[in-house]
Amino acid sequence: MNYRLINMKVFGDERGKLISLEGNKNIPFEIKRVYYIYDTIPDFERGKHAHKNLEQIIIAIDGSCQFVLDDGKRREELWLNRPDVGLYIGKNMWREMRHFSYGCKLMILASEYYDEKEYIRDYDKFIEEINTSF
Ligand code: TYD
């Protein structure tokens, strides 16, 4: 499975906590894009796509949600619920996000600019692409 959880170093003292994210250092790629998801509600799922050529790190800055990760052979679930843990997702991984807490805030760092053409939004097509590329 082309994903892993990364523990971020926390600089904390009596004033609060701080985490620094740096491309090609604690983030394993050059960061070309940052976006965030907020104002979430539990009833709706997001994601349901894969990327042909994109790496991402997702951090639940606030709140929680569940991720489903699927490489075409196996399907695994995990919860993101800590601002000091990043979920790295590499290429060719189907992902679904669900069970958002109200007002969950996800920050996503991406290795490429937004390009709708490199999304695979159909699960059957994803399986087809996986089977033809290996
Ligand atoms: P979408 O892919 O549906 O979000 P999610 O992965 O959370 O399900 O994206 C929602 C909309 O935002 C869609 O119209 C595409 C647009 N969008 C951009 O314009 N730039 C971006 O960097 C991203 C991630 C999405």
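Visitor: Is Lys48 buried, partly exposed or exposed?
Guide: In this predicted model, Lys48 is partly exposed, with a relative accessible area of 36%.

Visitor: Which strand holds Lys48?
Guide: Lys48 belongs to strand E5. Its phi is near 55 degrees, which is a positive value in a residue other than glycine.

Visitor: And what about phi at His99?
Guide: His99 is not a glycine either, and its phi is positive, at about 55 degrees. His99 sits in the loop between strand E10 (94-98) and strand E11 (105-110). With 44% relative accessibility, His99 counts as partly exposed.

Visitor: Back to E5. What sheet is it part of?
Guide: E5 belongs to an open sheet of 5 strands with the order E8-E7-E10-E5-E12, and the pairing is antiparallel.

Visitor: Which strands stand at the edges there?
Guide: Strand E8 (75-80) and strand E12 (119-120) do; each has a single partner strand, so one side of each is left without a neighbour in the sheet.

Visitor: How many bridges hold E5 and E12 together?
Guide: E5 and E12 pair over 2 bridges, in the antiparallel sense. Within this pair, Ala50 is placed opposite Ile120 of E12.

Visitor: Now the ligand. What surrounds it?
Guide: The surrounding residues are Arg33, Tyr35, Ile37, Arg46, Gly47, His49, Tyr114, Tyr119 and Arg121. By class, this shell has 4 nonpolar, 2 polar and 3 charged residues.

Visitor: What do the arginine side chains do at the ligand, starting with Arg33?
Guide: An N or O atom in the side chain of Arg33 is 2.4 Å from an oxygen atom of the ligand. For Arg46, a polar side-chain atom lies 2.7 Å from a ligand oxygen atom. In the case of Arg121, the distance from a side-chain N or O atom to an oxygen atom of the ligand is 2.9 Å.

Visitor: How much of the ligand does the protein bury?
Guide: The protein buries 61% of the 540 Å² that the ligand exposes when taken alone.

Visitor: Which residues lie on each side of E9?
Guide: Val85, Leu87 and Ile89 are on one side, with Gly86 and Tyr88 on the other; all are buried, and both faces of E9 are covered. In general, side chains in a regular strand alternate between the two faces of the sheet.

Visitor: What does E9 pair with?
Guide: Strand E1 (residues 3-7) is joined to E9 by 5 bridges, and the two run antiparallel. Leu5 stands opposite Leu87 in this pairing. Strand E6 (residues 56-62) also pairs with E9 in the antiparallel sense, over 4 bridges. There, Ile59 stands opposite Gly86.

Visitor: And Gln56, buried or exposed?
Guide: Gln56, which lies in strand E6, is buried, with a relative accessible area of 3%.

Visitor: What does the Gln56 side chain make a polar contact with?
Guide: The partner is the side chain of Arg95, at 2.7 Å.

Key: Residues numbered from 1 in each chain as written. Predicted model: local features only at pLDDT ≥ 70, side-chain atom pairs only at ≥ 80, totals over all residues. Heavy atoms only, no water. Near = heavy atom within 4 Å. Polar contact = N/O pair within 3.5 Å; in protein donor to acceptor, adjacent residues only side chain to side chain. Areas by Shrake-Rupley, 256 points an atom, 1.4 Å probe, with all protein chains shown as cover. Nonpolar A, V, L, I, M, F, W, Y, C, P; charged D, E, K, R; others polar. Buried < 20%, exposed > 50% of the residue type's maximum accessible area, 1.4 Å probe, protein only. Pairing = 2+ DSSP bridges.
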